[in-house]
Amino acid sequence: MPKSVLFDKSEVLKKVTYLFWSKGYNGTSMQDLVDTTGLNRSSIYNSFGDKYNLYEQSLQYYQQLQEDKLSSYFEGDKSPKQKIIALFRGTAEEIINKESTNGCFMSNCTTELSNTDPKIHDFLVRNKEATSSMFKELIVEAQEKKEIDPTKSAEKLAVFLFSSLQGLRVTGMLENKTTDIQGIVDQTLSVL
């Protein structure tokens with residue numbers, strides 16, 4: 001008879017996500033996972049698979065966290081352009097208030113594994129496409145409402161916003177000087 005699971009998988013995944021986020025895939029050892037979760041190796045393997053599978057699950061968990069955060073920025077009666085502004089201003093506030101100095105888990109993963117792991121690379125490309133698509137939808141809607149110049153390419157602006165958001169998060173790992181972070185956001189939003 002199989003043993004029953006005596007721990008909260010979602011809580012373990014949360015802990016492991018923050019571990020991978022701060023140390024990276026290559027910097028995280030199996031012993032780190034044991035120490036962080038309080039589980040023995042066999043429980044980790046039986047419940048989550050190997051370290052690689054656990055890393056993939058962590059990326060998916062983080063992706064969901066980011067989608068939830070995005071929804072919070074979009075709450076209320078905001079126009080499409082105001083939603084974009086809220087996202088960038090909210091991200092800047094997180095950086096300035098040092099809510100996290102780890103940057104973006106997806107960006108960190110991109111620099112660590114995207115060139116060496118095709119499966120992770122494909123996951124990151126899908127994430128980029130989804131985020132860019134979300135920006136494009138907001139831009140097109142804003143252009144229809146005359147909030148953004150309709151002669152500008154919505155697709156190019158969307159990719160620019162994705163790249164700028166990632167760059168903002170990476171810069172936030174280095175510094176959180178209010179004038180610099182807000183300056184990056186102001187410059188980014190000026191293209192709209």
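Student: Is Gln166 buried or exposed?
Tutor: This is a predicted model, and in it Gln166 has a relative accessible area of 14%. Gln166 counts as buried because that value is under the 20% cut-off.

Student: Which helix holds Gln166?
Tutor: Gln166 lies in α8.

Student: And what is Gln166 in contact with, neighbours within four places in sequence aside?
Tutor: With those neighbours left out, Gln166 contacts Cys104 and Ser107.

Student: How far is Gln166 from Leu54 in space?
Tutor: Their C-alpha atoms are 24 Å apart, and 112 residues separate the two in sequence.

Student: Back to the cysteine. How many disulfides does a search of the whole structure find?
Tutor: The search finds zero disulfides. For Cys104, the nearest cysteine sulfur belongs to Cys109 and is 9.5 Å away.

Student: New topic: what volume does the largest pocket have?
Tutor: Its volume is about 330 Å³. Of the 17 lining residues, Gln66, Glu67, Leu70, Asn127 and Thr131 are the closest to the centre of the pocket.

Student: Which elements give two or more residues to that lining?
Tutor: They are α4 (51-73), α7 (118-144) and α8 (154-174). The largest share, six residues, comes from α4.

Student: And what is the lining like by class?
Tutor: The lining of the largest pocket has nine nonpolar, five polar and three charged residues.

Key
Residues numbered from 1 in each chain as written. Predicted model: local features only at pLDDT ≥ 70, side-chain atom pairs only at ≥ 80, totals over all residues. Heavy atoms only, no water. 1 Å grid on protein atoms, 1.4 Å probe; cavity = no way out; pocket = protein on both sides within 12 Å on 5 of 7 lines; lining within 4 Å. Points joined across faces, edges and corners; volume = space filled by probe spheres on them. Helix = DSSP H or I, 4+ residues; strand = E, 2+ residues; numbered from the N terminus. Nonpolar A, V, L, I, M, F, W, Y, C, P; charged D, E, K, R; others polar. Buried < 20%, exposed > 50% of the residue type's maximum accessible area, 1.4 Å probe, protein only. Contact = heavy atoms within 4.5 Å. Disulfide = S-S within 2.5 Å.
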